[in-house]
Amino acid sequence: MNTEPQDAPARRDWRDVLRDAADLALVGFALVVGALPVVTVGAALATASAAVHDRITDGGWPDARTTLRRYVRGLPAGVPVTLAVLAGAVLLGADLAALATGRVPGGAPALLVTEVVTAALAGTAGLVVVEVGRPGGRGWRAA
């Protein structure tokens with residue numbers, strides 16, 4: 001006797017999960033290749049985010065032409081964002097290193113506050129990348 005309602009969604013088996021994991025790994029590899037020149041990290045992240053959004057909402061991956069168009073369109077806006085993020089990361093890294101080695105006053109409390117701020121900035125950056133990748137996203141500044 002079948003106890004599941006007739007309109008229940010079909011259960012996914014292990015092959016579906018494995019296929020999705022392999023697809024996401026492929027997106028990760030494409031992201032790394034697209035970000036190799038360093039200044040293209042912003043465009044690569046936005047393109048990968050948009051591709052994952054398409055997979056989640058539409059159930060399929062975008063075609064190569066759409067993905068390439070998104071990447072090329074994201075290059076001009078992504079370069080300044082990438083440079084700003086890199087500069088901020090270098091400054092935060094220098095601050096954390098100086099606090100950790102005791103070269104500046106503040107000790108453990110200042111180090112802890114700086115680490116919390118760094119984690120909050122990283123979380124915000126992750127949310128910005130998701131927002132930029134949405135179709136109809138209004139760009140980096142709006143995100």
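Which residues lie nearest the centre of the largest pocket? They are Val81, Val85, Leu121, Ala122 and Ala125. The model is predicted.

**The largest pocket**
- The volume of the largest pocket is about 410 Å³.
- Its lining is made up of 18 residues.
- Helices α2, α3 (64-101) and α4 (107-133) are the elements that each give two or more residues to this lining.
- By class, the lining has 13 nonpolar, five polar and no charged residues.

**Helix α1 against helix α2**
- Helix α1 spans residues 14-35, and helix α2 spans residues 41-58.
- Their axes come within 8 Å and cross at roughly 160°.
- An angle over 145 degrees counts as roughly antiparallel, so α1 and α2 are roughly antiparallel to each other.
- The crossing of α1 past α2 is right-handed.
- On the α1 side, the contact is made by Arg19, Asp20, Leu24, Val27, Leu31, Gly34 and Ala35.
- On the α2 side, Val41, Ala44, Leu45, Ala48, Val52 and Arg55 take part.
- The residues of this contact divide into nine nonpolar, one polar and three charged.

**Helix α2 against helix α3**
- Here the axes are 6 Å apart, and the packing angle is about 135°.
- That angle makes α2 oblique to α3.
- Helix α2 passes α3 in a right-handed crossing.
- From α2, the contact draws on Val41, Gly42, Ala43, Ala44, Thr47, Ala50, Ala51 and Asp54.
- These meet Thr67, Arg70, Tyr71, Gly74, Leu75, Gly78 and Thr82 of α3.
- Seven nonpolar, six polar and two charged residues form the contact of α2 with α3.

How values were computed
Residues are numbered from 1 along each chain as its sequence is written. This is a predicted model: local features need pLDDT of at least 70, side-chain atom pairs count only at pLDDT 80 or more; totals for chains, interfaces and linings use all residues. Side-chain values use heavy atoms; hydrogens and water are left out. Axes are lines fitted to C-alpha atoms, for helices over the stretch in contact, and angles run from 0 to 180 degrees between N-to-C directions. Helices (H or I, at least four residues) and strands (E, at least two) are DSSP runs, numbered from the N terminus. Angles under 35 degrees count as roughly parallel, over 145 as roughly antiparallel, 65 to 115 as roughly perpendicular and the rest as oblique. A crossing is left-handed if the near helix is turned anticlockwise from the far one by less than a right angle, and right-handed if clockwise. Contact means heavy atoms within 4.5 Å. Ala, Val, Leu, Ile, Met, Phe, Trp, Tyr, Cys and Pro count as nonpolar, Asp, Glu, Lys and Arg as charged, and the others, Gly among them, as polar. On a 1 Å grid over the protein atoms alone, a cavity is a set of points where a 1.4 Å probe fits but cannot get out, and a pocket is an open set with protein on both sides within 12 Å along at least five of seven lines; lining residues have an atom within 4 Å of a point. Grid points are joined across faces, edges and corners, and a volume is the space filled by probe spheres set on the points.
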